[in-house]
Amino acid sequence: MLREGLIYLSQSSTAKKIVTQAPFARSMSQRFVPGETVEALIEAAQKANAAGLKVTANYLGESVHSEEAAHTAASVYQRILDMIAARGLDGNVSLKFTQLGQDIGEEFLLDNLLPILETAKKKDLFIRFDMESSEHTQSTLDDFEKLWTEGWRNIGVVLQSYLFRTAADAERMIELGTRVRLCKGAYVEPPEVAYQKAEEVDENFLRVMRALLSRGNYPAIATHDERMIRATLEHAKTDGVGAERFEFQMLHGVRRDVQQELVDQGYNVRVYIPFGEYWYPYLMRRLAERPANVLFMAGSIVKESPLGFLWPNRKKNVQ
Ligand code: FDA
């Protein structure tokens, strides 16, 4: 219920107006979003690299319907790629098709993507296409395959284990030799297309993880769930999949302890670092993933309110 409510609020413009004007929300978002500028992103990326973490950079934004805004997003991605290359960072980028104009039209999207792909290719950098809600799944995979068929190889997709279709999509990506990021999925999806029970989502995650690990091309296992992580390590061991053949991915600000532990054990770990002024829906999705984050935010509201003195020494959620 709470998860559905928060995801609903992530799409509400009224809630957005209220939340983004509240100082507590901005400070809460800093846990997940290091800042609004490319410079803040680069600083966070340098720190992550110094800790042995690879990065993937995301300029926050989605559901863009104006051509101007979609072009602006494309030019920000060009700038990120330039800076990653210029600073010699161990990083790549993750972008959303609806931010670059998918809802305006397929031709517009592909035209807008082209300079990004060319820059990335020139600089030998990789571009990940994030996966959005299920109404975009088919068109995202179609556009991806179109680009793949044209010969682009520095690109990869995301598959979500809550969708029924994902096992079949994973087989297709294995056949193509494409790099896949596997995650559970962050949107509210109807029972017609998606598993509704957490155990079923997890079971499918494990099934697809095993297929990708054994037969896929450098899959990214994107989860903070220690059971999924342990199962991945066990499968890699049983099937003789070396640590260099896959990576773990986690979000900036989430389970830093687990990120570091895996790095220390010699595994590849990449952190997803989002930045930019459009942090509201991203923050709401992160809150939806973990009720404790809502309590943390509620604590911040109390502390900032005139009654804050009632709760001055509350232990911070340090995860
Ligand atoms: P789950 O939600 O079951 O959480 C397991 C444990 O992880 C929790 O008990 C808690 O300890 C910790 N945890 C998880 N989320 C947390 C949070 N926000 N704050 C604090 N602790 C938290 N989704 C999508 O639909 N399309 C996409 O393209 C992507 N891309 C993507 C990239 C990367 C690198 C990651 C890590 C995730 C995504 N996701 C995504 C999001 C993904 O689908 C999912 O919503 C979250 O990763 C949460 O799922 P977990 O697998 O972590 O497990």
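Modeller: A polar contact is a pair of N or O atoms within 3.5 Å; inside the protein, one of the two must also be able to donate a hydrogen and the other to accept it, and residues adjacent in sequence count only if both atoms are side-chain atoms. This is a predicted model, in which local features need pLDDT of at least 70 and side-chain atom pairs count only at pLDDT 80 or more, whereas totals for chains, interfaces and linings use all residues. Residues are numbered from 1 along each chain as its sequence is written, and side-chain values use heavy atoms, with hydrogens and water left out.

Around the ligand there are 26 residues, a residue being near when one of its heavy atoms lies within 4 Å, and those that come nearest are Lys 184, Gly 185, Thr 223, His 224 and Glu 289. In the side chain of Lys 184, an N or O atom is 2.7 Å from an oxygen atom of the ligand. For Gly 185, by contrast, the backbone supplies the polar atom, which is 2.6 Å from a ligand oxygen. With His 224 the side chain takes part again, one of its polar atoms lying 2.8 Å from an oxygen atom of the ligand. As for cover, the ligand taken alone exposes 920 Å², of which the protein buries 87%, with accessible areas computed by the Shrake-Rupley method using a 1.4 Å probe and, for residues, only the protein chains shown counting as cover.
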